[in-house]
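Please look at the sequence and the structure first.

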Amino acid sequence: MEISHKDKEYMISSASVSHSEHYSCKGRKDSFSSTEWSDAITVTVSQPPEPVLTVSPSWLSPGDSVTLSCEVEHPSAGWRFYWYKTVPKPPDNSYINELLPGSTNGTEQDSYIVHGPTHTAGYVCRAGRGDPVFYTDYSKPKIVWSGDVHSAVTLTVSPDRLQHFTSDSVSLSCEGNSTEWRVGRSDGGYLRYCDYLMRNTRYTCDITSSQQSDAVYWCESGSGEFSNAVNITKQNADIILVSPVHPVTEAHSVTLGCKLRRGEFLSNVLFYQNDKLIQNDTRGKMNISAVSKTDEGFYKCKYSGKQSPQSWLSVMVSRPDSSSSPLLVIVGLVCGFALIILLLLLCHYRRSNGQSSLKAPIRMKLRSILLPTLKKNPSTLHIPRSSLKTSLKRRDVMNQWRALFTLMSRYNQLKMPI
């Protein structure tokens, strides 16, 4: 393809893969004379590399920090790494990427730690180098899952269990304050969405496939929030374990069961936790009356030589009722102030009462003891012991002198003129 251009330079303003060609040039003076073609050069335009993001851990436990790692296909010096949180936008099945703190200018390290996340969240990364900066593509989103049901968006499952038969129809519902929803699914690292968006406050997605599957499901709201995540399996098995979808709060009760494909619950069932037999009797269900962290683990059941798949039972640490906390703080402050005021009033009462009862006797005793001596010789203080005994009625001389010094101290405090 020949391109006519008046200048000696030809610029491709926005190169793409389609511009990968052999290029040569020649000069033309007029329609009848021109130079020979130059030697050809080959221009190759490659797609920007796409980094690979990994997250650890992929499922959150309370207090966990998440480590993000960003890997460029052909690593070399000079790359800086940019870290983003993905915010879902259900109307067009897309995400908006928001820079994480400290990532505006990129980091030299190819890893980034997110401290203490509590809810399900998505992350992406990209790398850049040079001036002006050449950026890679964004990585594919990676979701860090949380079973936390205290978020503003909640995913519920019907029937309320983790394991289902391939013949079962399972309904997933998104609940919360948003008016737009989509249900996400992650199966083997691929992110997909359940059918089309419905604009109401309750969106239901039915899993009707008869194929065996093991996938994580969650809700995304129009306001950019993720719900709790649930790992649902559809099993081509004869029996399944019946266990709750959401984490069980400490000190609450939970019941596990074992169900046949034809529908009924079983008796004489063996229950296992982390492959250790924990119940072997005629009961068909296992009840834990007050769940604790030691009850967390993988559970399965056995019946007549047949064994269910195992599922994880998550135990959540109980949280204080946030609605009652402000009330308790207010009550505590009011009681504290009331106690302080009461103590101040009591001190004031005792002080005023004490001064009124002691002021006159102290003044009279000091006048009778000190005044004559001070008038004779103000520079000296001589008090006869007999007078001290008579006036203060003490049992011994030392106590009399102590009493006198105490009276003098109180006299000074009263600032009585002599």
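V242 has G257 in strand β21 as its bridge partner, and L241 is paired in β21 with C258. The model is predicted: local features need pLDDT of at least 70, side-chain atom pairs count only at pLDDT 80 or more, and totals for chains, interfaces and linings use all residues. Residues are numbered from 1 along each chain as its sequence is written, and side-chain values use heavy atoms, with hydrogens and water left out.

Strands are DSSP runs of E with at least two residues, numbered from the N terminus. Two of them pair if DSSP finds at least two bridges between them.

| Pair | Bridges | Direction |
|---|---|---|
| β19 (residues 239-242) and β21 | four bridges | antiparallel |
| β21 and β24 (residues 285-288) | four bridges | antiparallel |

On the β24 side, T255 stands opposite N287.

Together the three strands make an open sheet, in the order β19-β21-β24, with antiparallel pairing. Its edge strands are β19 and β24, each pairing on one side only. On average, neighbouring strands of this sheet are turned by 15 degrees against each other, direction ignored; the axes are lines fitted to C-alpha atoms, and angles run from 0 to 180 degrees between N-to-C directions.

How many residues of β21 are buried? Six of the seven residues in β21 (residues 254-260) are buried, so the strand is mostly covered, where buried means under 20% relative accessible area (1.4 Å probe, protein chains only).

Note on methods
Buried means under 20% relative accessible area, exposed over 50%, partly exposed in between (1.4 Å probe, protein chains only).
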